[in-house]
Amino acid sequence: MRRGCLAFVVIGLLFAGGSARAQTYDPRYPVCMQIYGPVGYFDCRYGSLEQCKYLAVGRSASCVVNPYFVQTKPARRSTRAN
């Protein structure tokens, strides 16, 4: 009986933990800056690697291509006459 109660308490504590962000990359931007330090994080708000590298100078950071960026293609117009 005690083991059963203890198991429910342990399972409850596991589910009561804080939620974690599933994705650290912002899919709206193609380039992210990875900042290193005691609290490292990704800052994804750059339109190009050059822009990111320019702003990373002097910081403990590096620029990476965002693996979750989805490039949208412009809609093609049909040139056929109906």
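Contact, as used in this report, means heavy atoms within 4.5 Å. The structure is a predicted model, in which local features need pLDDT of at least 70 and side-chain atom pairs count only at pLDDT 80 or more, while totals for chains, interfaces and linings use all residues. Residues are numbered from 1 along each chain as its sequence is written, and side-chain values use heavy atoms, with hydrogens and water left out.

**Asparagine 66**

Asparagine 66 lies in the segment that follows strand S3 (61-65); helices (H or I, at least four residues) and strands (E, at least two) are DSSP runs, numbered from the N terminus. With a relative accessible area of 4%, asparagine 66 is buried. Here buried means under 20% relative accessible area, exposed over 50%, and partly exposed in between (1.4 Å probe, protein chains only). Not counting residues up to four places away in sequence, asparagine 66 touches Tyr25, Asp26, Pro27, Tyr29, Pro30, Val31, Cys32 and Cys44. Its side chain also reaches the backbone nitrogen of tyrosine 68 at 2.9 Å. A polar contact is a pair of N or O atoms within 3.5 Å; within protein, one must be able to donate a hydrogen and the other to accept it, and residues adjacent in sequence count only if both atoms are side-chain atoms.

**Disulfides**

A disulfide is a covalent bond between the sulfur atoms of two cysteines; the criterion applied is a pair of cysteine sulfur atoms within 2.5 Å.

| Disulfide | S to S distance | Torsion about the S-S bond |
|---|---|---|
| Cysteine 32 and cysteine 44 | 1.9 Å | about 105°, right-handed |
| Cysteine 52 and cysteine 63 | 2.1 Å | -90°, left-handed |

The disulfide of cysteine 32 and cysteine 44 links distant parts of the chain: cysteine 32 belongs to strand S1 (residues 31-35) and cysteine 44 to strand S2 (residues 41-46), 12 residues apart. Both of these cysteines are buried. The disulfide of cysteine 52 and cysteine 63 likewise connects distant parts of the chain, with cysteine 52 in helix H2 (residues 49-56) and cysteine 63 in strand S3, 11 residues apart. Cysteine 52 and cysteine 63 are buried as well.

**Nonpolar core**

In soluble globular proteins, nonpolar side chains tend to be buried together. A nonpolar core is a set of buried Ala, Val, Leu, Ile, Met, Phe, Trp, Tyr and Cys residues joined through side-chain atoms within 4.5 Å. The largest such core has 7 residues, namely Val31, Met33, Ile35, Tyr46, Cys52, Ala56 and Cys63. S1 and H2 are the elements that give two or more residues to this core, and the largest share, 3 residues, comes from S1. Leaving aside neighbours within four places in sequence, tyrosine 46 is in contact with Tyr29, Pro30, Val31, Cys32, Met33, Gln51, Cys52 and Leu55.

**Salt bridges**

Side chains of opposite charge can pair when their charged atoms come close. With a salt bridge taken as a side-chain nitrogen of Lys or Arg within 4 Å of a carboxyl oxygen of Asp or Glu, the count comes to 2. Aspartate 26 pairs with arginine 28, their closest N and O atoms being 2.7 Å apart. Aspartate 26 counts as buried at 19% relative accessibility, whereas arginine 28 is exposed at 63%. The other salt bridge joins the side chains of arginine 45 and aspartate 43 (3.0 Å, N to O). Arginine 45 is exposed at 53% relative accessibility, and aspartate 43 is buried with a relative accessible area of 14%.
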